[in-house]
Structure formats: C-alpha cells, structure tokens
Amino acid sequence: MPVLCSGCKEKRAALKRPKTGHSLCKECFFWAFEEEVHRTIVAAKLFKPGETVGIAASGGKDSTVLAHVMKLLNERYSYGLELMLLSVDEGITGYRDDSLETVKRNQQQYELPLKIVSYEELYGWTMDAIVKQVGLKNNCTFCGVFRRQALDRGAIMLKVDKICTGHNADDVAETVLMNVLRGDIARLRRCTAISTVSEGEGVVPRCKPLKYAYEKEIVLYAYFKKLDYFSTECVYSPNAYRGHARTFLKDLESVRPSSIMDVIHSGENLSVRDGVKMPVQGTCNRCGYISSQALCKSCVLLEGLNRGLPKLGIGKHHRLHDKLLSQQPLTEREERKLKSVDF
Amino acid sequence: MCQVEEDYRDGLERVEVPSVSKKCVKCKEASAAVVIRAGDTYCRGCFKEYFIHKFRAMLGKNRIIFPGEKVLLAVSGGPSSCSMLSQVREGLSLNAHKKLRFSPGIIYIDEGGVVGQTVEERRRTVAELQAMFKATGFPFHTVALEQVLDLPSSVVAMAPSPSEQPASNYKEAVGHFLQSTSSSRSTPQDEEQTSLPEVPEAHTHFLQQLIGSAKTLTARQDLLNTLRQHLLVHTARTEGYGKVMLGDNCTRLAVKLLTSITLGRGAQLAQDTGFSDARYGDITLVRPMRDYSAKEIAYYNHMFSVASVFTPSLDTKTTDKASIQRLTESFVTKLQEDFPSTVSTIYRTSEKLQTTCRSSAKAEPSDKCLLCVCALDTAVGECWLENKTIGASVTMRTVELILLSLTTDLKSLLCYSCQLTLKDMVSGGLQRITYRHCSCKLF
C-alpha cells in the first residue's frame, strides 16, 4: 500500500518531512519549504522593495539553497529586490578553492552578479598560513572574525543595502547552546535575532531568512531540486568546540524532532538580569570598524599574527590594547605568554 | 578552555599533580585528604568547615528564611537531600556556632507506584527512611504520589503571598526572635508517627495509566515533575509551612538548565534553576545546595558517614537517548571530563538570568500556565511553533481533527513546553479518557 501525500492526497509520498513527520510528495514539500521562508521574511519585515541585497554565498548547501529560494520568491511574490552574490576566499586549499568554483557556476545558473573578496588581499594572510602559526586549536576564531569583516567590506564594495546569510535553524540552536556552555551572556541575548541592528557607517545589516529551516530539510530540498552545491567539511574544523554542541543537538533531534525549534524558542525568551555588565558598542581606534573595545578583534588578531605572537587575541587582552595602540613594545613576560602554542 | 574572558596561564610549565602527601591549602599544617578542584587540597577539618560554611553563607546571603519560620525539607533519599538534611540538623544543634533559627519538617514523596515497585519494596524503603528521619527528631510526613489525584484544583492557582518582607525587616525579625527565646529553653520537637497509609491499588493503577499515557519518556518525566511539585506545594500549604527546601546541587542544576532550554522553557529558566522560586505566591521554593557540586557532596557523605537511600526513578538504567533529560545529563557529565569548568560556567550563566514576563511580576492568575504555574510565554491563542510550520491544516487526518478541537482550549492555557508535553499525550482512545480526567482535575 503506497503512502499518499498528506498534502494533496493524490500523488505518492516521496519523503517524510524532518520537521513535522508528515509524508509529502515532492511538489508539496517544495511548496511548504518555500512558503515557510516567505512567511519568515514577511513576518520579520526583512526587506523593502527596491533594496539591493547581497547573498553571502560559499558554494555550500545552505547558501546555494538560499540563492535559489531568494531568486524564486523575489519573482513569485515580487519583492522588488536586486540580488547579488558575495563570496569570501579564506585561502584553504582543497576546500575553499573547490567551493569557489561552485559559486562561479551558481553565478551563471542564477544569472546574478558575483564579487569575491579574499583574506589575502584584505589582511595579507591566508588561513593556511594562519594555521601554520596558530595551530589547530584556536584557528576557527581567526577565520570567523576575519570573515565577518570581509563580508562587510565586500558589501560596501558592492554597495548593497543588506546582506543575507544562509544560517539555518540548526546553526542558531547550536549557537544558543554553545553560548550557554561558554557563559557568553552578551552573545546569548543577540544570537537569536533574525537580523542585526545596524548603527553607523561601515556596517551593513545582515539577516537570516532561513532561520527556521531545518538543515535536513535544506539538504532534502537541494537534493530533490538537483541543485549544484559543494559538500565537504572544512579540514580545520574537527577540533572546534562547536562540534560538541552540534553532536548534542543532533542527538536531541533524534529523540524529539521539534527540539531544534524549542531551543530557538528558549533562546528568544531569555532575558538577562539588570546590573549584569554588558559590552557597549563603539569604534576601533585603528581601523574604524565597530568594536566594543579600544581595538577591534581583527586588529588585535592581525597584530598578533604579524608580530609572531599567535595567542594575542585569544583570552584576556584588554590591558594590552593601549600598549598596542601607542606602539610600545611588550614586556618579556607578556611576550612569552603570548608566544606559547600547544598543538 | 573555551570560556569567554578566560585567562591563560603560562604554558609549558610542569603541571603539579596534587597528591595526598601534600599539605592542606587552607591551614597548611595537616596533610590533605581530599582534592576538590585541580590545585585545591583540603584536610578533613578544613573540608568540613568549608562545606558547612557554604551552606550558612548561602542562607545568610539571601536572607529569605526568617527566624522561627516553618520550613519543609523535601528529601528524596538521594545523597544531595540527605546531605541537606544533615546540614540543617547540624546547624540547628545547640552547640553550633551561630545556629540556624527556623523550625524544619521533612517530607518524603513515595513514587514507587509510578516506577513499578511492589508494595513490599515500597514499604521497605519507607521504613528505612523513616528510621533516618526519626533519628533527627524533626516532624516528618510520608506522602504517596497517588495522593496527587485527589488534590483540589486550587493547587494550580497562585495564592496571594504574605506581606512583603524586605531585607530591613529581616534584622528586626532576628532581634525580635532573639528576645523572645532568650529566656525559654527550646522544647523538644514532637515526632509525628505518620506511617505510609494504605494506598488503594486502583489509585496506583490509575496513576500508572496517567503517566503511561505520555508516549515519550521525556513527557513522562516532565509530567512526573509537575505532579511531584503540586503535591509538595499542597502539603506545604495544608501543614502550614511557608518555605520548601529542595536539595538540587550544582551539577543537577546545570543539567536542568540545559534541559529546560531544550524543552523550550527559556522564559522560566530563572525560576527553574535560581535560588528562590516564588511562582506559587505563598510558598517559596528554596535551593540551598545549589553551590555544591555532586563531587563535593559525595566526598562529604563518604567522609562523614551521611546515610542515603537509593530509590529508582523513571530513567534508571535507560540508554542515553531514552529521553531528553537523560541525554542532557550524559552530555554534561562527558563534557565535564574534558572541560572541568563546564558545570561552574553554566551555573554562573544561570545566576545572570531573570524571568521574562510579558506582564508585571504580579501577574493575573489567567496569565499563568495551568500545569507549571509560570508566566505564559506564548500569547493566549497564538501558537509559536505552528506559525512557523506549514502543514497543520494541510496534513491533519480527520480523527486527529476532532481531538484538536478538544485540546485547543487547554492548549491556549499552557506555556510552550507544557504544550509540547500535552502533544505527546493526546492521541488514541485511552489518552482521550485520561485527558478528560486530567482536565476535570485542572478545571
């Protein structure tokens, strides 16, 4: 007895939706998935007609599906947006150069303009060179901080009004869990917001239209629509702390599929007690980027790399900011602390 | 390692492995007997002092327990609550330095019926515990969980709290108490001989059906917690106690925090894991053991012979993935091995959270969840999850549609995570009957 699709009740069911467990045929699934993203965009009022939107594309499944769905919804519901692709080259051989080829193919398939910014041209360092200096433990910090600035700088070069990223429900839930485990109250408050608050110049607001889409559904969508994407794990990521949160979340999903949404719901309803110290937004004294300290994180990290002190930027370093700004040399003890690297 | 704002010590030094031949870090004279954290070695005497001091400091810092007040100690028989019991006993003994000043009572809730224990086993456990309670001299109450079926519906309502008692009044109250008791000697507490009343088998059977109507172990545990809390609060109210002390330790609370997040209880985190929980109005739940890690309690119980009785619960001997609570517990304990500061970081995070309420602190009773009595985190009538999910209307089968209309009223009165528990319960014929009983009790 073939199972009928519970949506249209005519065709045979082709898959079981991970989010709800309903059995659906392909067309009903596509419609449900796209409709959910559309409702997310409309309910959160993410875009205004006439805006230029940059889609952060890495060639992976999330950003490919994002580009596809954004283009589709833009036409179907007449958002009136001008879409562009923006990509970041971190300089990881065997991973990033392959995925960039995918992005270039995407550009042709979706007929969208593309801009690629690279760490090499922005900072003078590729991730391969960074890992050689830093080791395998804290490299994700460097990559993440640099990428954020790279996206913003690329967006300014492209002159877009907003950036949208392919963060999905699993990513947001993992971030909530990770921030609880690390005790990061400041980020805990902000991480479930669907779009960032933007003040001042040099900062382009960014949003997550796929915030309530499960990773499994994104994979299913890409598979059934036969989209062209690149699927390999970053070679440097196995030791990241996020891996623990991810394994936990995957186990939770197998026990109760709605867990991912439950975690996001909890994250949205968390509130911090009054009187807890919170960082205040300012600007970096050296590069003018937004920062809550005297020097922004990427300036500190770059300084550490350039001086051969890889641990500068990992751990407490506010006291050293003034010294760095005024170009004073560090004491020998401080140098020794920052140099030691354990692999 | 991965904490925000963490300071790294100089690497490449030889790490000193603490061994028993080292000296105690506090008194620096006696030889060390126990290692609490890496680098903290204590001798017996200093450890005992440290342990007792933490308990007093916790109570003294928060100034919630007023002198002369009646406090109910919820003892489950496990190491944490038995440790709490022994701390209270020591604190109240006449020769204690700065003795505590409240009158405690003990309550033990017998949950053997839910777990499937035989009547013989239950009687044996209760007898063992009662012997322990008698030795303390405090009045004790033994209550079977089956009694929760007979509770009046007022248990889920929030009763008005007594007049505000700000901190300044605390000092006056202490002074007043000292004056009144300075002349008279404290009378010995009379022991109440409350043996376990005979529980009719039909009640046990019905309770098992109710718990069993939840399809997943997660929902069952959630439901059991709710029922247990209701019974605790009801007993405290009828016996005239103003406060209830729970024996949750730091490790258990860290697990509880993560579990609450995964169950969708983010809005109620501060009440679930904070020091005091005032959601019931007239009864305040207090957690004085929340600063102790499970390891410290285990060491203390072993070194100073504090007895405890093991009672099986719903998730004893189950696999890691049997329920969300079980999974979170194994996750935290495994992570703690690699990153020893995990539990304390989660604990510190919980201290910085507060309750989100959409209305003010003195919320109307209609704004509280029916099952867990916390402020609602979903607008009445709105369904957060279904707004984000297509398919509720598209893919409903006819049988479930009837049930949906029955449950819509109940769903709108529950908070997000209690809605999830209810969802796991309602489907199939038996569940409809139990649902009706449940709703009759609640209405």
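In this predicted model, one aromatic cluster is formed by B:Tyr42, B:Phe47, B:Tyr50, B:Phe51, B:Tyr292, B:Tyr300 and B:Phe304. Two members of this cluster, B:Tyr300 and B:Phe304, have ring centres 4.9 Å apart. Their planes meet at 40°, so the pair counts as tilted. Both B:Tyr300 and B:Phe304 are buried.

Over all chains, the structure holds 19 aromatic pairs. One of them joins A:Phe33 and A:Tyr221. This pair is stacked, with 4.7 Å from centre to centre and 25° between the planes. A:Phe33 belongs to helix 1 (residues 26–44) of chain A, and A:Tyr221 belongs to helix 9 (residues 215–224) of chain A. The pair therefore ties together parts that lie 188 residues apart in sequence. A:Phe33 and A:Tyr221 are both buried.

Charged side chains also sit over aromatic rings. In chain A, A:Lys225 lies over the face of A:Phe30, at 4.8 Å from the ring centre. In chain B, the charged end of B:Lys70 is placed over the ring of B:Tyr241, 4.8 Å from its centre.

Helix packing was examined in chain B. Two packed helices are described by the angle between their axes and the distance between the axes. Helix 8 (residues 250–263) and helix 12 (residues 342–351) of chain B pack at about 65°, and their axes are 9 Å apart. Helix 8 of chain B is therefore roughly perpendicular to helix 12 of chain B. The crossing of these two helices is left-handed. On the helix 8 side, the contact involves B:Cys250, B:Thr251, B:Ala254, B:Leu257 and B:Leu258. These residues meet B:Val343, B:Ile346, B:Tyr347 and B:Ser350 in helix 12 of chain B.

Notes:
Residues are numbered from 1 along each chain as its sequence is written. Chains are lettered from A and ligands numbered from 1 in the order in which they are written. This is a predicted model: local features need pLDDT of at least 70, side-chain atom pairs count only at pLDDT 80 or more; totals for chains, interfaces and linings use all residues. Side-chain values use heavy atoms; hydrogens and water are left out. Rings of Phe, Tyr and Trp (its six-membered ring) pair if their centres lie within 6.5 Å; planes under 30 degrees apart count as stacked, over 60 as edge-to-face and the rest as tilted. Helices (H or I, at least four residues) and strands (E, at least two) are DSSP runs, numbered from the N terminus. Buried means under 20% relative accessible area, exposed over 50%, partly exposed in between (1.4 Å probe, protein chains only). A charge sits over a ring if NZ of Lys or CZ of Arg is within 6 Å of the ring centre and within 35 degrees of the ring normal. Axes are lines fitted to C-alpha atoms, for helices over the stretch in contact, and angles run from 0 to 180 degrees between N-to-C directions. Angles under 35 degrees count as roughly parallel, over 145 as roughly antiparallel, 65 to 115 as roughly perpendicular and the rest as oblique. A crossing is left-handed if the near helix is turned anticlockwise from the far one by less than a right angle, and right-handed if clockwise. Contact means heavy atoms within 4.5 Å.
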